[in-house]
Amino acid sequence: MLKFICYPKCTTCQKAKKWLDENGIEYELRDIKEDRPTLSELTEWHKKSGLSLRKFFNTSGLLYRSLELKDKLPTMSESDMLTLLSTDGMLVKRPLLIGDSFVLVGFKEAEWNEKVNNK
């Protein structure tokens, strides 16, 4: 079963949830603020996604800005970035959709449609 990791108050997450529901896709819901991703989960998801680790950061978030991560990330090691992401779910870009063979970060309907229907 797919894991849908979101922040319920986020409008993009709400759109993604609506899309999943309208398409009859079963998923396990997880609130990223209440149950933040662990270091081992983030490490696994990063490897499975094939994306740059920077794509996992919620660059529009208040916490990202207050920690001045735009300036700090370029000099951080991958290990330090993963550790930082695991400290607070609000640093992680959302929603996340985790399947057996894919990890989607952020909601792009065409990309989700392709991955979910070809899993």
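Aspartate 21 and lysine 17 are about one helical turn apart, because four residues separate them in helix H1 (residues 11–22). Helices (H or I, at least four residues) and strands (E, at least two) are DSSP runs numbered from the N terminus. The model is predicted: local features need pLDDT of at least 70 and side-chain atom pairs count only at pLDDT 80 or more, whereas totals for chains, interfaces and linings use all residues. Residues are numbered from 1 along each chain as its sequence is written, and side-chain values use heavy atoms, without hydrogens and water.

**Exercise 1.** Determine which residue forms a salt bridge with aspartate 21, and classify the accessibility of both partners.

*Solution.* 
Step 1. The criterion is a side-chain nitrogen of Lys or Arg within 4 Å of a carboxyl oxygen of Asp or Glu.
Step 2. For aspartate 21 the partner is lysine 17, with the closest N and O atoms 3.1 Å apart.
Step 3. Relative accessible area under 20% is termed buried, over 50% exposed, and in between partly exposed (1.4 Å probe, protein chains only).
Step 4. Aspartate 21, at 41%, is therefore partly exposed, and lysine 17, at 31%, is likewise partly exposed.

**Exercise 2.** Describe the surroundings of arginine 94: is the residue buried or exposed, and which residues does it contact?

*Solution.* 
Step 1. Arginine 94 sits in the loop between helix H5 (78–85) and strand E3 (96–98).
Step 2. Arginine 94 is buried and has no salt bridge.
Step 3. Lys and Arg count as positive, Asp and Glu as negative, with His and the chain ends not counted; the nearest side chain of opposite charge is aspartate 88, 7.6 Å away.
Step 4. The side chain of arginine 94 reaches the backbone oxygen of valine 92 at 3.4 Å.
Step 5. With contact defined as heavy atoms within 4.5 Å, and neighbours within four places in sequence left aside, arginine 94 touches Ile5, Tyr7, Cys10, Cys13, Ile32, Asn58, Gly89 and Gly106.

Note on methods:
Polar contact = N/O pair within 3.5 Å; in protein donor to acceptor, adjacent residues only side chain to side chain.
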